[in-house]
Amino acid sequence: MVIGSFNRRRLLELCINAVRKELEGQSYEIIVVDGGSTDGSVEWLSQQKDIISLIQHNRGEWNGKQIERKPWAYFMNLAFKCASGKYICMLSDDSLIVPGAILNGVDLFDEMLEQGVKLGGVAFYFRDYPVRKKYAVAINVGNLYVNHGLYLNAAMKEVGYCNEDYHFYFSDTDLCLKLKAAGYKVIRSKTSFVEHYFEATPEIRASNNDDRKEQDRMRLISSWAGTAYPEADREKYEKIVGYWDYHPRGFEDPLNTIQKLIDASQPE
């Protein structure tokens, strides 16, 4: 389990406790990369003996100078390279699995590998509630990528993990395109669902949505023209880089998992 986090302690605790419950009795490890939280997350993490905690201060000042912010791929690669499991499951600290998501994804991964499929990733269906009310996987430049879900650890090592030239967005898309270029498939798990509360910490989200997001988008489009997609489609993707591919049957969560995220995001 690899989780990136910054100043979302209550949400992080909720996310991790759901993982612990889901994987009880399984062989697993939890690796959290914290960006230098000031809300008690670092102190809480240091007390969790089943968590490998990496503290990578990515904001603020040090010795009178502003800390140069590292890209998403940089701090996630720290965790990916530490992971020792066969599979790596990537989640956000403001997300919460619907019970069964991870185990169903692992079962699918195992089944495909046993059938001889060269599989590198399994994407979970998720929704950015309340912006999107339906569960979907994400498609960029015509290709499925893993936003929340599983990777084959050996495949990630083979392709060199995430490209750190991206600031924050589209590095996960680039990673899946590298996997596909190496002959690996990326598929959907139709029985894996994740809740993502889009409005949990708008100030943190806003800090990542500067002009560099557009630079990242154009870097992705330019890097993969003629390989991941036909050169003739370049102008189309420059206008709209991707879309949501909604679950074919839809899903109604009987546990109302999203409410737990909403409650945890409220002031104490």
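Nine of the 11 residues of helix 6 (residues 171-181) are buried, so the rest of the structure largely encloses this helix. The model is predicted. Its chain has 10 helices and 13 strands. Of the 268 residues, 51% count as buried.

**Helix 6**

- The buried residues of helix 6 are Ser171, Asp172, Thr173, Asp174, Leu175, Cys176, Leu177, Lys178 and Leu179.

**Overall dimensions**

- A compact globule of 268 residues would have a radius of gyration near 18 Å, and the chain agrees, with 18 Å.
- Along the principal axes, the C-alpha atoms fill a box of roughly 50 × 45 × 35 Å.

- Strand 1 (residues 2-5) is covered on both faces.
- Val2 and Gly4 are buried on one side, and Ile3 and Ser5 are buried on the other.
- Strand 1 runs parallel to strand 2 (residues 30-34), and four bridges join the two.
- Within that pairing, Ser5 has Asp34 of strand 2 as its bridge partner.
- From strand 1 the chain passes through helix 1 (residues 9-22) to strand 2, and this β-α-β crossover is right-handed.
- Strand 1 also runs parallel to strand 6 (residues 87-92), with three bridges between them.
- Opposite Ile3 stands Leu91 of strand 6.

**Helix 1**

- The 14 residues of helix 1 should span 20 Å at 1.5 Å a residue. The end C-alpha atoms are 20 Å apart, which agrees.
- Buried positions in helix 1 are Leu11, Leu12, Glu13, Cys15, Ile16, Ala18, Val19, Arg20 and Glu22.

**Aromatic contacts**

- The count of aromatic pairs comes to nine.
- One of them joins Tyr135 and Phe251, edge-to-face, at 5.4 Å centre to centre and with 75° between the planes.
- Tyr135 lies in the loop between strand 8 (119-129) and strand 9 (136-140). Phe251 lies in the loop between strand 13 (242-246) and helix 10 (257-264).
- The pair therefore ties together parts that are 116 residues apart in sequence.
- Tyr135 counts as buried, at 4% relative accessibility. Phe251 is partly exposed, with a relative accessible area of 26%.
- Tyr135 and Phe251 belong to one aromatic cluster with Tyr125 and Phe193.

**Arginines over rings**

- Arg59 lies over the face of Phe6, 4.5 Å from the ring centre.
- Arg132 lies over the face of Phe126, 5.2 Å from the ring centre.

**Backbone exceptions**

- Most residues other than glycine have a negative phi, and most peptide bonds are trans.
- The peptide bond from Tyr129 to Pro130 is cis, with omega near 0°.
- Pro130 lies in the loop between strand 8 and strand 9. Tyr135 is found in that loop too.
- Asn63 is not a glycine, yet has a positive phi of about 55°.
- Asn63 sits in the loop between strand 4 (61-62) and strand 5 (65-66). Its relative accessible area is 66%, so Asn63 is exposed.
- Val141 is not a glycine either, and has a positive phi of about 40°.
- Val141 sits in the loop between strand 9 and strand 10 (143-145). At 1% relative accessibility, Val141 is buried.

**A contact across the sequence**

- Val141 and Asp233 are 92 residues apart in sequence. In space they are 8.6 Å apart, C-alpha to C-alpha.
- Asp233 is placed in the loop between helix 8 (212-224) and helix 9 (234-239).
- Asp233 is partly exposed, with a relative accessible area of 22%, whereas Val141 is buried at 1%.

Terms used:
Residues numbered from 1 in each chain as written. Predicted model: local features only at pLDDT ≥ 70, side-chain atom pairs only at ≥ 80, totals over all residues. Heavy atoms only, no water. Phe/Tyr/Trp six-rings, centres within 6.5 Å; stacked < 30°, edge-to-face > 60°. Buried < 20%, exposed > 50% of the residue type's maximum accessible area, 1.4 Å probe, protein only. Lys NZ or Arg CZ within 6 Å of the ring centre and 35° of its normal. Pairing = 2+ DSSP bridges. Right-handed = clockwise from strand over helix to strand, strands pointing away. Expected span 1.5 Å × (residues − 1). Rg over C-alpha atoms; globule rule 2.2 N^0.38 Å.
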